[in-house]
Amino acid sequence: MSAKAKQLIIIYTAAALVTLSVLSAVLYSKLADYRLTALYSSSGAFETTVSAVDGLSRSLKKSLYVTDATLGRSICTQAYANALAAEAALSALPFSTQELEQLSGFLNRAGDYAKSLGAQSGDKLSDEQKQQLKTMSDTAAEFSSRLRDMQGRVNSGELIMDSREEQLQNIGIEDTGKLSAELLGYEADFTAPEDFQYDGQYSTRPEKERGKLSEEQARALAAEAVGMEPRELKDEYGYEGEDGRRCYSAGNVLLCVSSRGLESLSQSRLVGSGSISAEQAEEIAQDFLKARGYGSLSLSERGGNGSAASFRFVPVQDGALRVDDYISVSVALDDGSIYSYDATRYSDDVPKLDWSCDEETARGSLPDNVSVIGSRKVIVQRPGGKYMACYEFDCTGSEGESLRIYADGSDGRQCRIQLEGV
């Protein structure tokens, strides 16, 4: 190799090293910026959590002294917003928060309870509601106090904010001294308020006492639904719960039964070209329900996709459809078999209802900018599980949109508005 070639190699190598050094410096600087941004983001999420839980505590406390209905709804809305903000910020922290089940559950329930109180029409809280608010307020205040203590220790350097980078790159690092460990420790000691009933999403709902099926009874019930011998069914899974649910498979069919009876059935096969009409499919679905003791249900909806026809059946009470207590049945149009069945949303309860208001009075609650296409009596479930008598009005809005407006059957006031397709 000539001296000139050696010089060129040395020059190119030096240039490459200089380029790599500059590139490394730039990338390291960007990495430092990214780390700093992530740290600020994590710190901001924790600051928001602390502030939101503190706001929740204050709002719940203020609600105990309200006498004006409008102000009470405003404060309950503040509490709900603070609970949502706290839950969202908590989930944005740089570590898994799935283990914080008790803390997250309390935020969800406290916010939902405040929301339910803000939606009620009365202007006074009952003694029971005030007691529940006080219990939640005290719990939120203690939660807020612990978070502020952690916040001070993070700011002083005693606690370290977790890093997502450490979760990926460092194996075996001790969790002590980290914010995540502190929160998990508090989660272990946290005592949530006792469950109670209210008109909201997280309300406890009393379960009807039912007997349990033996293994032989459950298997026989499932086998009867598909016209097979019990021994032909394959065990899938079962658990000891309130209903003692058990699941079986038969070829491409999965069935679940419990003390409620046949709960669900579904096929996994592809349906061929249809040879069964929609009318025949409806008759098959009704016969299937009658065989299971549901002969008094009324058809409320029809649907389908060309391969299967689907139907929704609901109970009728006081001449009204209980639209939230339904059984869904789908029939394969190639051979007329039951393609799917779902009775998990059905209830045979007979609630006491108030129909003090007539339809004409309820119609007076409709706005002037809608046209009524049709109406019917229905029974709906509120978020807490209570039933409510309603008049349902199918309407066309001022911009041509389809909507349903519901009026309370007891006083005729609007209680729900539903935009079709939303």
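Predicted model: local features only at pLDDT ≥ 70, side-chain atom pairs only at ≥ 80, totals over all residues.
A word on ground rules. Residues are numbered from 1 along each chain as its sequence is written, and side-chain values use heavy atoms, with hydrogens and water left out.

**The chain as a whole**

The protein chain carries nine helices and 14 strands, taken as DSSP runs numbered from the N terminus (H or I and at least four residues for helices, E and at least two for strands). Of its 422 residues, 38% are buried; here buried means under 20% relative accessible area, exposed over 50%, and partly exposed in between, with a 1.4 Å probe and protein chains only. Among contacts (heavy atoms within 4.5 Å) with a separation of 6 or more, 56% join residues 24 or more positions apart. The chain exposes about 23,900 Å², with carbon and sulfur atoms supplying 50% of that; the areas come from the Shrake-Rupley method with a 1.4 Å probe, and for residues only the protein chains shown count as cover.

**The largest pocket**

A pocket is an open set of points on a 1 Å grid over the protein atoms alone, where a 1.4 Å probe fits, with protein on both sides within 12 Å along at least five of seven lines; lining residues have an atom within 4 Å of a point. The largest one holds about 1,000 Å³ of space, the volume being the space filled by probe spheres set on the points, which are joined across faces, edges and corners. Its lining runs to 35 residues, and Ser 116, Ala 119, Gln 120, Asp 199 and Arg 382 lie nearest the centre. Helices α3 (101-119) and α4 (127-155) and strands β12 (387-396) and β14 (414-419) each give at least two lining residues, with α3 providing the largest share, six. By class, the lining has twelve nonpolar, eleven polar and twelve charged residues. Ala, Val, Leu, Ile, Met, Phe, Trp, Tyr, Cys and Pro count as nonpolar, Asp, Glu, Lys and Arg as charged, and the others, Gly among them, as polar.

**Helix α6**

In α6 (residues 179-189), Leu 179, Ser 180, Leu 183, Tyr 186 and Glu 187 are buried. Looking down the axis, these buried residues fall within an arc of 125 degrees, so they line one face of the helix; the arc is that of the directions from the helix axis to the C-beta atoms. Ala 188 and Asp 189 are exposed on the other side of α6.

| Residue | Relative accessible area | Class |
|---|---|---|
| Cys 256 | 7% | buried |
| Arg 219 | 16% | buried |
| Ile 284 | 26% | partly exposed |
| Asp 318 | 42% | partly exposed |

Cys 256 sits in strand β3 (residues 253-258). Beyond its neighbours within four places in sequence, its contacts include Tyr 237, Arg 245 and Cys 247. Arg 219 belongs to helix α7 (residues 215-226) and, setting aside residues up to four places away, touches Pro 230, Leu 233, Asp 235 and Tyr 248.

Ile 284 is part of helix α8 (residues 278-290). Its C-alpha atom is separated by 8.2 Å from that of Ile 338, 54 residues apart along the chain. Asp 318 is in the loop between β7 (316-317) and β8 (320-322), and its phi is near 55 degrees, a positive value in a residue other than glycine.
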